[in-house]
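User: I have a model open and would like to learn how to read its features one by one. Where do we start?

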Amino acid sequence: MNVEISPHLRDTAARLGAGVPYALKVLAGRLADDPDLGRPSDLPGILTATVDGELFEDCPDLNVGYIREPDRVEIRYVSTASTAQPANTSADTQEPHEVPASEPPADPVADAITVREVADAWRRITAWLRHHAPDSYAALRTGADSATVAAVEAALGVRIPVELRTLWLLTAGDDGARGWGCLPGNRALMPLDAVAAFHERRTRSRTDGGSTAWQATWIPVVALGPADHTSGLYLDTATGYLGRWSPYAEAPDDELDTLVTYLEEVADMLEAPALAARDKPGLVGGVLVWGSAVVPGQEEGWRPLAG
């Protein structure tokens, strides 16, 4: 059985501990002999294997997600294992949010395809960042573990769609490089703790008689910047589409994006910048800076990309 490790995982593994890359190689050897070693995960089509960190020097306990096909295995993500339990109450001891009971997916085949589409798009984005904008790549957080995602789900009180769950298992947010996130407009993928806090604040404001614009089924995903949450993009779990929030009454986008199509377009714009329509990627040193975020006076330091 051929076992492949996604190239972007090598840097992620090294950041988790000096012994993690070797531990992955050992696990790959075990999977070659026993591809059904792992157990089903929360993600359709993804199996999870665990690694005992005590068996390796400078290696924490790990959760490793992989896809098992008839003739190959591909390791897709690695994260540190956690014994943290999902949160049951908010900080002010309110009654716990209730997450709807787990239901079998309406179309497990479609969910498995979604998992692969998100993973492939994110792999393309991070591969580009690693080679062209290393500072932006270094600002990305490693993937969250299943327990952390479950805790966020409990705090939100809404089921996290498979595409967002997949993305969070690959990366838990973007801390930004020089204040810039890596997504178009130099927006930043929100860290999971910020997601839960923002959603609770906006939902509470709505129930307390504040703005009625925010819906409980909206999960904030992308913010204006790493430290600026005044506007951004949310994922509407009721429709599956991304929408915008901001202090202004903006008209809705003519073209509706899912999280999959959004990530795929970001990857397309980075790989073929000459064809980019919504925004133009460029570089300031080792940082990805999109054209729409360049302010007057910064043009000389910004190098637009061609190709």
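Predicted model: local features only at pLDDT ≥ 70, side-chain atom pairs only at ≥ 80, totals over all residues.

User: How many bridges join β6 to β7?

Analyst: Two bridges link β6 to β7 (residues 218-225), and the strands run antiparallel. To follow the pairing in the viewer, find Ala-188, which stands opposite Ala-223 in β7.

User: What do the side chains do along a regular strand?

Analyst: In a regular strand they alternate between the two faces of the sheet.

User: Now single residues. Is Thr-48 buried or exposed?

Analyst: Burial is judged from relative accessible area, and under 20% counts as buried. Thr-48 has 6% relative accessibility, so Thr-48 is buried. Thr-48 belongs to strand β3 (residues 47-51). Setting aside residues up to four places away in sequence, Thr-48 touches Gly-38, Arg-39, Ser-41, Asn-63, Val-64, Gly-65 and Tyr-77.

User: Where is Ala-121 found, and which residues is Ala-121 in contact with beyond its neighbours in sequence?

Analyst: Ala-121 sits in helix α3. With a relative accessible area of 2%, Ala-121 is buried. Apart from neighbours within four places in sequence, the contacts of Ala-121 are Leu-263, Glu-264 and Ala-267. Separation in sequence and distance in space should be read side by side. Ala-121 and Leu-167 are 46 residues apart in sequence, with their C-alpha atoms 9.8 Å apart.

User: What about Ser-292: buried or exposed?

Analyst: Ser-292 is exposed, at 53% relative accessibility; the cut-off for exposed is over 50%. Ser-292 is located in the loop between β11 (287-290) and β12 (303-304).

User: Which residues does Ser-292 touch, leaving out those up to four places away in sequence?

Analyst: Ser-292 touches Gly-185 and Asp-279. The side chains of Ser-292 and Asp-279 are joined by a polar contact of 2.6 Å. Asn-186 is 106 residues from Ser-292 in sequence, yet the C-alpha atoms of the two are 8.1 Å apart.

User: Last, the cavities. How many of 30 Å³ or more does the structure hold?

Analyst: The structure has three cavities of 30 Å³ or more.

User: How do I read the lining of the largest cavity, and which residues lie nearest its centre?

Analyst: The largest cavity has 12 lining residues, with Thr-12, Arg-15, Trp-122, Thr-126 and Leu-170 nearest its centre. The elements giving two or more residues to this lining are α1 (8-16) and α3 (108-132). The largest share comes from α1, with three residues. By class, the lining of the largest cavity has four nonpolar, six polar and two charged residues.

Note on methods
Residues numbered from 1 in each chain as written. Heavy atoms only, no water. 1 Å grid on protein atoms, 1.4 Å probe; cavity = no way out; pocket = protein on both sides within 12 Å on 5 of 7 lines; lining within 4 Å. Points joined across faces, edges and corners; volume = space filled by probe spheres on them. Helix = DSSP H or I, 4+ residues; strand = E, 2+ residues; numbered from the N terminus. Nonpolar A, V, L, I, M, F, W, Y, C, P; charged D, E, K, R; others polar. Buried < 20%, exposed > 50% of the residue type's maximum accessible area, 1.4 Å probe, protein only. Contact = heavy atoms within 4.5 Å. Polar contact = N/O pair within 3.5 Å; in protein donor to acceptor, adjacent residues only side chain to side chain. Pairing = 2+ DSSP bridges.
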